[in-house]
Structure formats: C-alpha cells, structure tokens
Amino acid sequence: MKKRIAALRDKLIELDLDGIIINNPKNRYYLSGFTGTAGTVLITEEEAVLITDFRYIDQANNQATDFKVVEHGNYKIETLKKELQRLEVEKLGFEACYESYQQYNQYQRKLDFLELIATENVVKKMRKVKDESELNTIQKAVKITDDAFSHIIEYIEPGMTEKEVSLELEYFMKQKGASAKAFDFIVASGKRGAMPHGVATDKEIAVGELVTFDLGCVYQRYNSDLTRNLIIGAAPTVKQQEVYETVLEAQLAAIDAIEPGKTGAEIDQVAREIITEAGYGDDFRHGLGHGVGLEVHEGPRLAQNKDKELKPGMVVTVEPGIYLSGWGGIRIEDIVVITEEGCDILTEASKELIRV
Ligand SMILES: [Mn+2]
C-alpha cells in the first residue's frame, strides 16, 4: 500500500492540496487494505490516517498497517475535524463523485477553517494500471469463471430455464472460492439474445436456440467478466454461423491490435470496421470493452470517443457483439492485460461455437 499512498501524494502536489479524504469503499480499500464498511481515509503529505468506529478498530489495525487508526465516537465529523486541525490542512480535497450533497453541506459547516476542493476520480485513475498482486488475483477470478463455463457446457440441457442455469453457475463459482457474483448473470436464449443485458428469466431453453452467457465472479474483491455462446441440441443455421464468425473475427482482430500507446477508440474501431463491413454496423451499438478490477466496469474504456492511450498493466475486456431484434444475438468477451508489446489474454474458455 505504501506505493499507492506515495502515488496519491504526488497527485496532491499536482493538485495543490494539503490532504484528501477518501470515503468510497473500493478506493479506501485500494489505499489501505481495510475491508470494513465504514471509515474515512485521510492522506496528507506527512500522514495516512484511517478514522473508523469501535466495531472496526482491531480489524483496521490488522489490515491498514501503513495507517494511523483513529477511533471516532458518535460524530465522525468531530474526529475528522480534530485530525485536520492537528495536521494543519488548509486545502482539503474530497471525492466529488462519491460524497452526497448533504455530506458536502456538513463539511462546509463543520470544516469552515479550510478550503474544500472537489476532485474527480483521482484514485480511480490510479486503479487503471494494475500491479502484480492485482493481476494474480484477477487471473484467479478469470479461472473460476472459465471453469464455471466449462461446467455449464456439461450441465445444460434443453428444457432447463435460464434461471436454473444461472443459479448453477453461481453455486459452482462460490464452491470454487468466489465470494459473490460480479453482476446478475446474463443467460439470454433465442430471441432474448438480442438484448445485450438479457438477465436470466424463467424462459425455458429450447433446441436450436443460441444462448448468450455473460458471467463473472468476485474473488478476493477483484472481478472477472466472460461472455460466450452455446447452440443447443442442433447444428447452427447458416445465419447463426455467419453472425458468430463475424463477431469472432472482430474480437480476434481487436485483441491483435491492442498495444500500449494506442487509444481505446482505435481498438474499438478495428472491431467496428469488421462488423460494419459485414453489414451489421448498426447492430453493434455498445463500446468494445471496459477495464476490470475492484469494479467489474471501470476505466479504461475501449469505445468510440475514448482518446486516452493504453498503458501496460491495464486490464480490459474485448467484447464485440451483434444484436438482431426478433432473431437473437452473439457476443464474445475475453479479459486481456496490456503488456509492453501487446496484450496477454487471461481468458482460456474456448471460442468455438460449441454445440451442446
Ligand atoms: Mn463486460
């Protein structure tokens, strides 16, 4: 955590701040290692302080070893005020995106001796580039997800409902060490495949249908994300095969194009061109991918308007799709990590259109 605190201190200098308070749970965890549900991290040039209540004092001392842990009583704001005065903070940054208007008003009233300065995504931007331990954890989350999909290939049968299959996926992942689902799984069969976010329903899966699966788990607080498609009990039709191959070609070309220095928009364009040339440009209307880490959707984005350069250590999904209303849809999604030369694919699930 020392490196992360040091990187944040560099940002404080850049932003001309004496200190910053972090309340977003994921950012708080990222900086401190503290997993409790309540607490304020205060970072100044000299000190790293974690203010929390009596429930979490032992836990905070165990987890946030680079921090001075301070217990607050009924009014956290009073303890925060004392610490800010002790540390002589005059310009205090706060997370504009994560503090409520009510909370901001309280800061203004109670911390009237300092200047409050809204900051935007300071820690979130730091989180885009993963270190080795984060990459190892994400790889494990990806492996559990790949294994869950392999399991479902054996498990699924016509006549099962989407929800039954979804529940089996969740049970499997939790048995393998996942703490939670990363999101409500998408199990979208037949025409429902035209909905990019067709969360599992009571619909029965029928012979001849394509089923889109989008699943992910949380493992040691890090997320995974995987999309694959199965064809149930019949050979694919010419159209199913054609759409599948178009999406796959776009996905492989985009992965091939990924390297540091390129922008999210450039990579998105590689996939979009292939899908457009095949005549499905209007049927691929979401971005190509997103970062994955403590959140299942985070920066950087691979999308048409994203002009930031990719850097080694960033972890992104690559997930083009084609959705045809009244017919169905296909999406193929891998997670990759950007390297010095290009990228490594973390996902190992097969990309053939598997018939079960
Ligand atoms: Mn995704």
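Visitor: Which residue forms a salt bridge with Arg 331?
Guide: This is a predicted model, in which local features need pLDDT of at least 70 and side-chain atom pairs count only at pLDDT 80 or more, while totals for chains, interfaces and linings use all residues. Residues are numbered from 1 along each chain as its sequence is written, and side-chain values use heavy atoms, with hydrogens and water left out. A salt bridge requires a side-chain nitrogen of Lys or Arg within 4 Å of a carboxyl oxygen of Asp or Glu. Arg 331 meets this with its closest N and O atoms 2.9 Å apart, and the partner is Asp 214.

Visitor: How many residues apart are Arg 331 and Asp 214?
Guide: Helices (H or I, at least four residues) and strands (E, at least two) are DSSP runs, numbered from the N terminus. Arg 331 belongs to strand 17 (residues 328-331) and Asp 214 to strand 9 (residues 210-215), so that the pair links distant parts of the chain, with a separation in residues of 117.

Visitor: Are Lys 130 and Glu 298 buried or exposed?
Guide: Their side chains meet in a salt bridge at 2.6 Å, N to O. Lys 130 lies in the loop between helix 6 (122-126) and helix 7, whereas Glu 298 lies in strand 14 (residues 298-302), 168 residues apart. On a scale where buried means under 20% relative accessible area, exposed over 50% and partly exposed in between (1.4 Å probe, protein chains only), both Lys 130 and Glu 298 are buried.

Visitor: Which residues are linked with Glu 47 in a network of salt bridges?
Guide: A search of the whole structure finds 26 salt bridges. Within one network, Glu 47 is linked with Lys 68, Glu 83 and Arg 86.

Visitor: Are helix 9 and helix 10 roughly parallel or roughly antiparallel?
Guide: Axes are lines fitted to C-alpha atoms, for helices over the stretch in contact (heavy atoms within 4.5 Å), with angles from 0 to 180 degrees between N-to-C directions. The axes of helix 9 (residues 238-257) and helix 10 (residues 264-277) come within 8 Å and cross at roughly 155 degrees. Because angles under 35 degrees count as roughly parallel, over 145 as roughly antiparallel, 65 to 115 as roughly perpendicular and the rest as oblique, helix 9 and helix 10 are roughly antiparallel.

Visitor: Which residues of helix 10 make the contact with helix 9?
Guide: From helix 9, the contact is made by Thr 246, Glu 249, Ala 250, Ala 253, Ala 254 and Ala 257. From helix 10, the residues are Ile 267, Val 270, Ala 271, Ile 274 and Ile 275.
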